[in-house]
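Here's a quick briefing to read alongside the model. Keep the sequence and the 3D view open as you go.

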Amino acid sequence: MTSNRYRDILKHGAIWAFILVELTFFSIAGEYLSVSDKAFMDFDNMLLLLKQSAPIGIIALGMTIIMINGNIDLSVGATYALSAIVLLDSMTWPALQAMGDWAIPLAWGLALLTGAILGAINGLIVWKTGVDAFIVTLGSMLGYRGLVFMINGEQPTSHLNWTLVDFAEAQFLGLHTASWFLLTAALVLWLMMTRTVHGRNAYAIGNNREAAVNAGIRVGPHMMWNFVLIGFLAALSAVVFYSESGSVNPNDGMLFELWAITAVVLGGTKLTGGYGSIISTLGGVIAIQLLRKGLGHIGAATETVNLVIGLILIAVLLLDRQLNLKGKQELKI
Amino acid sequence: MTGMTKQRIGNILAKQGILIAFAVFMIGFAIANQRFIAIDNISGVIRSSAILGVMALGVTFVVIGGNFDLSVGSMMSFSTIVVLDLHDKLGPALAIPAMFGLTMALGAFIGFLVGYMKLNSLIVTLGMLSAIHGLTLTWSGGKNMDIADKAGTWFSVFGQGRILGVPVPILIFAGLAIFFTVVLMKTPFGRKVYAVGGNGQAATFSGIPRARIVFLTYVISAFCVATAGLLQASRSLGSQNTVGQGMELQVLAAVILGGASLMGGSGTIFKTVIGVLILGFIQNGLLLMGLAFYVQYVVTWGIIILAVWLDVAAKRGRLWSPTA
Amino acid sequence: MSESIPVLRLENIVKTFPGVRALDDVSLSVLPGEVHALMGENGAGKSTLMKVLGGIHAPDSGRILIAEEPSVMTSPQHAKARGVVFIHQELSLADELSVAENIFLGELPLKSFGRVDWKTLYDDTDAILKTLNVGFNARTLVGDLSIANQQMVEIGRALTVDPRAVIFDEPTASLTDAEKVVLFKVIADLQAKGVGIIYISHRMEEIFKITDRITVLRDGQYRGTLNTAETNEDEVTQLMIGRSLDLSRNVSHHEMGDVALEVRGLTCGKMFTDVTFAVRKGEVLGFYGLVGAGRTEIAETLFGLRTPSAGKILLEGQEVQINSPIDAIRHGISLVPEDRKNQGLVLGMNCRDNMTLPQVGDLTAGPFVSDGAEIAIFDQYRDKLDIRTPGWRQIAGNLSGGNQQKIVIGKWLSMRPKVLIVDEPTRGIDVGSKSEIHNLIRELAAQGYAVIVISSEMPEVLHVSDRIIAMFSGRVMREFTSEEVTEDTLVQAISGISADKVA
């Protein structure tokens, strides 16, 4: 009983311990290897890191919920791109341009709505056809990407709105706008998953779907709502990022699903569902970004980042398996 | 009586749905554009599908064995870059076996983790997708790779050559498809792959070395990836580091389209080939109709979901999911 | 109690599935404050009846009356709202959630903005846990609880409403004696409140200890209701098993051969300790004990699926190392596992491929599997074991339990094993096929196979075995020959009561 508790603490704490190790390592290694004179643990550097974590981070939060619920979403990268196009494209529409800065909230709203609708389509298909979410979203990953090209063509779309850029680059209490969005989203979703009936039911469904069905929980609407949510979050991520960059390429967001899943798994969420935490995912996102920056800081080629992250993901899996082994007498199947 | 007929139709659709869909598409495209069924067009489609197709053959083994392989795209980039690089350093005669060795070593590593260490294949291959991409970039230094003397090498024969008028990639694809069909349908190993994927526990209880079988499916997959990398490198004689990016999901789409269950234990090489060809012909047909390449993405989306939905619906005996 | 109206009445229920009349005019009534046992062999229709009551199956005809009011049940939740609550044998809990969340699963108390009202939830849960008198609280994670305590959580679920009727489905299957006492106390409390209870169990001693009446089903038909006080085990068994099943004691007429398998001091962690026995060629050795006594684990160890921490295994006098099923098969040890669907068969594969699976690597012509050799084996064992299937192409999952079991047995017989271990040979198999399997086991012994049979059904063990080993809590309590064994001594041995006496 207590060993379970220890394991739980270990699991929740592991990602933060890993972040500490990273910080220490890069700080010390940086002293000897750094290409710049700046210290790694520089405050501004850390703030920037948080900001840079935001795009993948916001999506990873949604992925956590989807995975706790026992599903997966491979279409988030395409949803991200499509929402970005809606955001930038809609601001060039005459109707919106006539509205001056009021176009901004409207464009945001349209982009977020796009994300939510794309999510809803996934959710509805998963719910009503009973086809596995992996396959449904594998399909819509292609399909939504196709829509991106159909709406946008093959050329990048650009539209810089300086009011928007100012907003996106602003700092409030030292944090960038993007960081605020990431942290607020994390807080809201954490509250949702730990405090609301929907959140608890999502855990129950992922943990033991049959039990949830037997207890009369309506599995479908809960899954649907979570898909809407991840679509919305993918759009939110796009909105935050492209408000500043102002230019979207139809291939943007590719492989985001894989990065998001990596962050979620690093944070300890179970692939089979029913277990995981929003806060740990935040840790996973930060750990990955830290690794990226840290490797750059000590002068490692940027290429090695992918290699290291991939191997760390596998190492985490191996470690998790070792922790869960029940001993030599276990059935060898 | 009508219920029976409905059931029958459902069964036929589920079992042969993919062939029917294939036929409908072919006829539709042929009516829309005569050029579609011209021999050179068909041969062109198969030739350009060969790289994806060869990879799909290997992934079919992995999926029948009950696992995923998301690393094949990234691994294909790796083998392409490696063989191109070694071509100039060692010469093609050594570069090719060296590249096969390295790629299959990666496959063996994945097979070890999934088979012997029993790690979740989705995450392992996701991690390897990233890691191998890093490996490729490290190998190439992030630069594109080109063969120095493009005109003077026999290396181009795999991607560009013809034997008796048939493009070599088609011969290789067809040859491997036949070979792997025989392996899967006729050998004890093939039977064991089905058993391990169908019910791993029962396979273990029947004395089948589950870990070794899973391991071998990944080695086969890596062999196919290496072959695909060879075709790719030989066709273009130069490559970006990201040449295979995203192919893992297209490959999976082809395998699923072919009707292999992601739960393992079902699927055939023949159906995977059909899945690959459907993807290829849809792309080609839509292009011939004057539609941009990305329209095929949307169409593929619809087809994948419909195909799997019909399959699931036939198994549960009702169209809509009973989930409340 | 006698004159009060029934809390629950099932009237002339008929339910047919394609090809099967699962329930044929079954009636049952439960009075307030009564514990009513529902008995019958596996497949007799108990669970179908309960599924009808729970609204999972709609009956073809017949009525459900709650407090004499006709009701149509649409779902278990609907039934629960009407005061009819089920406590399932198979735990249906989310182990990453707290006790409170599990007890109120699907009915968490709400506050504004969809928030969970934790205070109400914990208070209500603690109130329920108090009546159950358990040693954990509302916030404990279910995954941290023992199986018995998880069972208590399952029972706690029934108490979130004021139940009129509670259905217990094999509640004691995984409980220790001390835990059973607690459970029976809970049942007595419910009884005192006037709740009607349906108690489904195979365990006679419990039935006679706590129930008031017994209703017996056989082959989907109502066989009668008896007052517990006025009947005895024989009469109930008679009703349950009826005509055909021959469970007379076994008498071997053939000669026993040499010792085929000998086990000395075999130990595997906490699963079982210091197990010593031997089985001869031509002999059926029965292992009897409660679930969790370590019988299956011994079989798994002999088959190379577990690593023993101490002890020796000798085959025909030679010590052998068995590290995997492959080793076991090579040495001639075969296992027909307990869980047929998950361990015995690849359900999606055809019958022939299932049967030849362990030896498919040897049935080759050149590098290829020889179709002819495979079909020859299949045909031989289909005839020998009388497997009823349209042909070898039939998917194993489509066969009846009895025929599936014969495929698994055929799979191993075709390998000509020295020792055949059969774990729960007739679990989930209809009465007719049961005796066929029993005869088959006897016949195999007569042909000179050494057979080990593990069973939880006493009549089965008594019927097929030449010798019986009684196990309790991972230890061999006593060994009986078929001449000396009696039901009483056997029950004592597996309950651990006679540990001192026997030793």
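This is a predicted model: local features need pLDDT of at least 70, side-chain atom pairs count only at pLDDT 80 or more; totals for chains, interfaces and linings use all residues.

Residues are numbered from 1 along each chain as its sequence is written, chains are lettered from A and ligands numbered from 1 in the order written, and side-chain values use heavy atoms, leaving out hydrogens and water. Helices (H or I, at least four residues) and strands (E, at least two) are DSSP runs, numbered from the N terminus.

**Strand β3 of chain C**

- β3(C), residues 35–39, is mostly covered, with 5 of its 5 residues buried (under 20% relative accessible area with a 1.4 Å probe, protein chains only; exposed is over 50%, partly exposed in between).
- Val35(C), Ala37(C) and Met39(C) point one way from the strand, and His36(C) and Leu38(C) the other way.
- β3(C) runs parallel to β8(C), residues 196–200, with 4 bridges joining them (strands pair if DSSP finds at least two bridges between them); here Leu38(C) sits opposite Ile200(C).
- β3(C) also pairs in the parallel sense with β9(C), residues 213–218, over 4 bridges, and His36(C) faces Arg213(C) there.

**The open sheet of chain C**

- Four strands line up as β12-β11-β14-β15 in an open, antiparallel sheet.
- β12 (272–280) and β15 (318–319) of chain C each have a single partner strand, so one side of each lacks a neighbour in the sheet.
- β11(C), residues 259–268, and β12(C) are joined by 6 bridges, with Glu262(C) opposite Ala278(C).
- Helix α9(C), residues 295–302, packs on this sheet and touches β11, β12 and β14 (310–315) of chain C (contact means heavy atoms within 4.5 Å).

**Where chain B meets chain A**

- The contact takes 48 residues from chain B and 52 from chain A.
- About 4400 Å² is buried between the two chains, 81% of it from carbon and sulfur atoms (accessible area, 1.4 Å probe, lost on being put together, summed over both parts).
- Ile123(B), Tyr294(B) and Trp301(B) supply 15% of the area that chain B buries against chain A, more than any other three residues.

**Ser321(B)**

- Ser321(B) lies in the segment after α13(B), residues 295–316, and counts as buried because its relative accessibility is 11%.
- Leaving aside neighbours within four places in sequence, Ser321(B) is in contact with Trp127(A), Lys128(A), Thr129(A), Gly130(A) and Arg316(B).
- A polar atom of the Ser321(B) side chain lies 3.4 Å from the backbone oxygen of Trp127(A).

Technical notes. Axes are lines fitted to C-alpha atoms, for helices over the stretch in contact, and angles run from 0 to 180 degrees between N-to-C directions. A polar contact is a pair of N or O atoms within 3.5 Å; within protein, one must be able to donate a hydrogen and the other to accept it, and residues adjacent in sequence count only if both atoms are side-chain atoms.
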